[in-house]
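Dear colleague,

Please find the structure below, handed over for your review. My notes on what was found in it follow directly.

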Amino acid sequence: MNYFSDNTAILFFSRTPKSESAVRIVHENRSKNRQVVGLLIESIKTKLISTGLPVYQYDESKQIGNNFSERLTNSIDDLFLKGYENVITVGSDSPELLNLDFSLVKSELEKGNAVLGPTQRGGTYLIAVPFKFWKKNEFSEIPWNTSRVFEALKDLYPDCIVKSELTEIHTYTDIIDLIKTGFENNLVLQLKRLLNPDYFQTYHTAYTPSENLFVFSERGPPQSASLHF
C-alpha cells in the first residue's frame, strides 16, 4: 500500500559513472570518456531530482536478474510493488532529456495514458506506464538492445502518447551530430567545453549497444526532491 504523498515515481535506470565508463566508450581518451559519461549521468540525475518527484536510482548494485530484460522489468515492478500507481523510467543516454517537462508526462499518466519517447536508433529514452497497463511478462519479452525496442513498446501500448525523438549518446559521433544540430542546454555546453578543441574531429567510435536505458532499492520512504539509492 502506498503511504507516499505522490503516486508517481521516477526510476533512473543507470550504472554508476565508474561502471558505465568501463563499458560505454564515447571518447578514445580514457580520462575524457570518464568525464563525458559522468556528465551525462550526474546531469540527468540532477534534472530528475529537480522534478520534486520521488526518484529511485537502480544501478548495477541494485538490479536483479540474469539479463538486461530481467533487470529492467524487475526494477519497474519493484516500484509498483511499493505501491506507486505510475512509474516513469529513464536512462542516462540523452542530453536532451534535460529539456523534458516531466510535469506533462506525469499529467498524461494521471489521465491513464502510457508515454513513450523514441530515440534515433529505434530505442527509447522514456517509458512511462500506469500500473493498470503494466504487463510484466509481455514487457520482459521486448527485444531490448535492438533497433526494434520502440516499435515493440508501441505494439504493447498502442494508445500511448509519443514524445519527440531525442538523440541517444553511444559514440563520439553522436555527440558531434547533436552539437551540429544547434541544440543547446547546460549539459551540451559542458560537453562542448570538455571536448574543445577536438570536437570537430571526424573520427568514429564503434557502436556497441548499451544497457544504460534501462534490483531492489532501499525500502525507506521517498522524500520530495531526493534520490533513493
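The side chains of Glu-168 and His-170 are joined by a polar contact of 2.6 Å (a pair of N or O atoms within 3.5 Å, one able to donate a hydrogen and the other to accept it; residues adjacent in sequence count only if both atoms are side-chain atoms). Glu-168 also makes a side-chain polar contact with Thr-119, at 2.6 Å.

The model is predicted: local features need pLDDT of at least 70 and side-chain atom pairs pLDDT 80 or more, while totals for chains, interfaces and linings use all residues. Residues are numbered from 1 along each chain as its sequence is written, and side-chain values use heavy atoms, without hydrogens and water.

Glu-168 sits in the loop between β6 (161-162) and α7 (172-180). Glu-168 is buried but has no salt bridge, the nearest side chain of opposite charge being Arg-121, 4.8 Å away. Here buried means under 20% relative accessible area, exposed over 50% and partly exposed in between (1.4 Å probe, protein chains only); a salt bridge requires a side-chain nitrogen of Lys or Arg within 4 Å of a carboxyl oxygen of Asp or Glu.

Seven aromatic pairs were found in the whole structure (ring centres of Phe, Tyr or Trp, the last by its six-membered ring, within 6.5 Å; planes under 30 degrees apart are stacked, over 60 edge-to-face, the rest tilted). Phe-80 and Phe-131 form a tilted pair, 5.3 Å centre to centre with 55 degrees between the planes. Phe-80 lies in helix α3 (residues 68-81) and Phe-131 in the loop between β5 (124-130) and α5 (136-140), so the pair ties together parts 51 residues apart in sequence. Phe-80 is buried, at 7% relative accessible area, whereas Phe-131 is partly exposed, at 49%.

Kind regards

Technical notes:
Helices (H or I, at least four residues) and strands (E, at least two) are DSSP runs, numbered from the N terminus. Lys and Arg count as positive and Asp and Glu as negative; His and the chain ends are not counted.
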